[in-house]
Amino acid sequence: MAQRVINFNPGPSALPLSVLEQAKSEMLDFQGSGMSVLETSHRSKNFEAVLDSAIQRTRRLLGLDETYQVLFIQGGASLQFAMVPMNLAAGKPVDYVDTGVWSTKAIKEARLCGKETRVVGSSEDMQFTYIPEKIVINPDAAYLHITSNNTIRGTRWKSFPDAGAVPLVSDMSSDIFSRRFDPRPFGLIYAGAQKNVGPAGVTLVIIREDMLKRVPKELPTMLRYSTYAENRSLYNTPPCFSIYICELVLKWIEETIGGLDQMEKINEEKAAVLYDYIDSQDFYRGTARPDSRSRMNVTFLLPEAEMEKDFLAGAADAGLYGLKGHRSVGGLRASIYNATTIEAVKALVDYMKHFAKGR
Ligand SMILES: Cc1ncc(COP(=O)(O)O)c(C=O)c1O
């Protein structure tokens, strides 16, 4: 087998090695069934146990009370940009904070769904390099939507806005299960799995009971959250293999890492290694405002954009992959999600030092 590289991809991204190894060992015979999960009925006892465990682990890790339901939906986080306003607007205006590409897309979809959509905060004036402090809270809003971590610009909400009685809705695609937070102000949370939860093909949705009551009856069946809630995400065939891997990743967070607090501590340490180095020299320049920096996606620039090609080629030679910034903004980005080890981050810093020295 070719040697595994150090993977800084933004998503799909690195998965814990032990998860991949377990999936490999169970590939031909899943728990004595004589067949692969890929071949197993979604209505089999074996798969139902996997699904149930993924739900319970999510509940335990995030500290969700019984008012929340955990759903698995296809269509990516991008489908949630539309499902959220379709299901939750309830005839009221919907409010959004625009913190970059993914929020902008969510806003666009809410408008396409014909909802009165207000942008109540934005960091567009500074190319989305910070999280805005000034946001307007409208008590008449159906919800306030934020993007907890901005994968492309490398920013994150350190703490979440207080919207009073207005439920928060968050796209947590790139930082769910990376830190502890109080779920109670959230009416709905969604996350494409392919960064911190598992492989592509499934989106985790956490929805509160009062939000389910808002779902309009005239929506098509597969676009209604209530369809998934009433059928334990088994109304139709779910992405079984993706959910199976998610369950293994959640088990890894609970049992190998030791829970969310421990996961957060590790993530804090990893991010500090990289940011401390960036702040200690003047060759590389971080692009996010320090108080808004993401712990998952570290974005930085070289003194000249022309050097990027050499940087990336040298990185690949050193076994470091996935460091190119998003095509919409350029620059460099190291995505250091849960499965990225501290050793991987240290290897990157060593390479960055070596590259800077050679210039
Ligand atoms: C924060 C965020 N939201 C949404 C998306 C889009 O997710 P999907 O490709 O699952 O639709 C991404 C993808 O990288 C993302 O980082």
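**Exercise 1. Find what share of the contacts in the chain between residues at least 6 apart in sequence join residues at least 24 apart.**

Solution. Two residues count as in contact if their C-beta atoms, placed from the backbone, lie within 7 Å. Among the contacts between residues at least 6 apart in sequence, 68% join residues at least 24 apart. The model is predicted, so local features need pLDDT of at least 70 and side-chain atom pairs count only at pLDDT 80 or more, while totals for chains, interfaces and linings use all residues. Residues are numbered from 1 along each chain as its sequence is written.

**Exercise 2. Compare the radius of gyration of the chain with that of a compact globule.**

Solution. The radius is taken over C-alpha atoms, and the globule rule is 2.2 Å times the number of residues to the power 0.38. With 359 residues the rule gives a value near 21 Å, and the chain has 21 Å, which agrees.

**Exercise 3. Check the span of helix α3 (residues 76–88), and then locate its bend.**

Solution. Helices are DSSP runs of H or I with at least four residues, numbered from the N terminus. The expected span is 1.5 Å times one less than the number of residues. For the 13 residues of α3 this gives 18 Å, and the end C-alpha atoms are 18 Å apart, which agrees. The bend at a residue is the angle between axes fitted to the seven residues ending there and the seven starting there; in α3 it is about 30 degrees at A82, and the proline P85 follows within four residues. After α3 comes A90, whose phi is positive, near 50 degrees.

**Exercise 4. State which residues V249 touches, not counting residues up to four places away in sequence.**

Solution. With that exclusion, V249 touches L15, P16, V19, V197 and G198.

Methods. Helices (H or I, at least four residues) and strands (E, at least two) are DSSP runs, numbered from the N terminus.
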